[in-house]
Amino acid sequence: MTERLTDEEKLTVKTGAFGAVFMVSNADPGMLAVFRESFAASGAMAHASGVVKEALTSGPLPKLPRDSALEIESVVLPALRRAVEILAEKAPHDVPVYRAVVLAAADRTARAHNGVSPAEAEVIERIRGVLGEDATGR
């Protein structure tokens, strides 16, 4: 059974997903690359379904720090962790959807400009680690 997410929970899910893309994009910055990467990530997020799609497509955009990679991570990684917890509790069948969408968006972002750099690959691995192997706790 799926429970509806509160607005705050939706924002947490969105912050984790959008923040993961921002982390990857920020790992190997470049102005033109940011536009290509954002477009690539949006394609991956368009494949979301269920409460994940609802969370990613409704409400305000998340406010992410812009000062340093460390600050960004200090917001995004806990949001990803909490998003998985929220989904595991309220919509367990959507946990794999969220994990797949976030990782696909992160991967597409990295590949959008000259392939995946070592810095981007490292960030994606940190994101993968927070999401868990199958993101259901198993």
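## Salt bridges in a helical chain

Arg 82 is partly exposed, with 37% relative accessible area (buried is under 20%, exposed over 50%, partly exposed in between; 1.4 Å probe, protein chains only). The model is predicted: local features need pLDDT of at least 70, side-chain atom pairs count only at pLDDT 80 or more, and totals for chains, interfaces and linings use all residues. Residues are numbered from 1 along each chain as its sequence is written, and side-chain values use heavy atoms, leaving out hydrogens and water.

**Fold**
- The protein chain has 6 helices and 0 strands (DSSP runs numbered from the N terminus: helices H or I, at least four residues; strands E, at least two).
- Of its 138 residues, 43% count as buried.
- Among contacts (heavy atoms within 4.5 Å) between residues at least 6 apart in sequence, 84% join residues at least 24 apart.

**Salt bridges within a helix**
- The whole structure holds 8 salt bridges (a side-chain nitrogen of Lys or Arg within 4 Å of a carboxyl oxygen of Asp or Glu).
- Arg 82 pairs with Glu 85, with the closest N and O atoms 3.2 Å apart; both lie in helix H4, 3 residues apart, about one turn of the helix.
- Glu 85 is partly exposed at 41% relative accessibility.
- In helix H6, Arg 126 and Glu 122 are 4 residues apart and form a salt bridge at 2.8 Å, N to O.

- Arg 126 is partly exposed at 29%, whereas Glu 73 is buried at 16%.
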